[in-house]
Amino acid sequence: MGSSEEGLLEELLSPDLSDDFEVIHSTFRPGSKMQRPATRPTQEVGYVVAGRLDLSIGGQEFTVGPGDSFRIRHETYAWANPYDAPCVAIWVIAPPVY
């Protein structure tokens, strides 16, 4: 699928985009960072498979790692991977945005 953010590779895991949700496999390269915060009319749940990721969700700051999950509900969010290893996460997004 690609991404508009440099350093982020997104791949569709769900069969297509015709359902009420989509499942995305995201790889955040070391040193990558979201260029500006975003807000989407979605509900999203993410699960970190490997690596670490810094998140800002609704003004709160978090660092998540393997086995951690997070949720975004119509909130402003941003991400950064200032670490030396890629971060891999699985996202479920409803409704689909891609």
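The model is predicted, so to speak of local features a pLDDT of at least 70 is needed, side-chain atom pairs count only at pLDDT 80 or more, and totals for chains, interfaces and linings use all residues. Residues are numbered from 1 along each chain as its sequence is written, and side-chain values use heavy atoms, with hydrogens and water left out.

**View 1. The hairpin of strands E4 and E5.** Strand E4 (residues 53-57) runs antiparallel to E5, and five bridges join them; strands are DSSP runs of at least two residues, numbered from the N terminus, and two of them pair if DSSP finds at least two bridges between them. Two residues separate E4 from E5, and Gly58 in the turn has a positive phi of about 55°. Across the pair, Asp54 stands opposite Thr63 of E5.

**View 2. Glu61 in strand E5.** This strand spans residues 60-64. Glu61 counts as exposed because its relative accessibility is 61% (buried is under 20%, exposed over 50%, partly exposed in between, with a 1.4 Å probe and protein chains only). Leaving aside neighbours within four places in sequence, Glu61 is in contact (heavy atoms within 4.5 Å) with Leu55 and Ser56. Arg71 is 10 residues from Glu61 in sequence and 13 Å away in space, C-alpha to C-alpha.

**View 3. Leu17 in a loop.** Leu17 counts as partly exposed because its relative accessibility is 36%.

Note on methods. Helix = DSSP H or I, 4+ residues; strand = E, 2+ residues; numbered from the N terminus.
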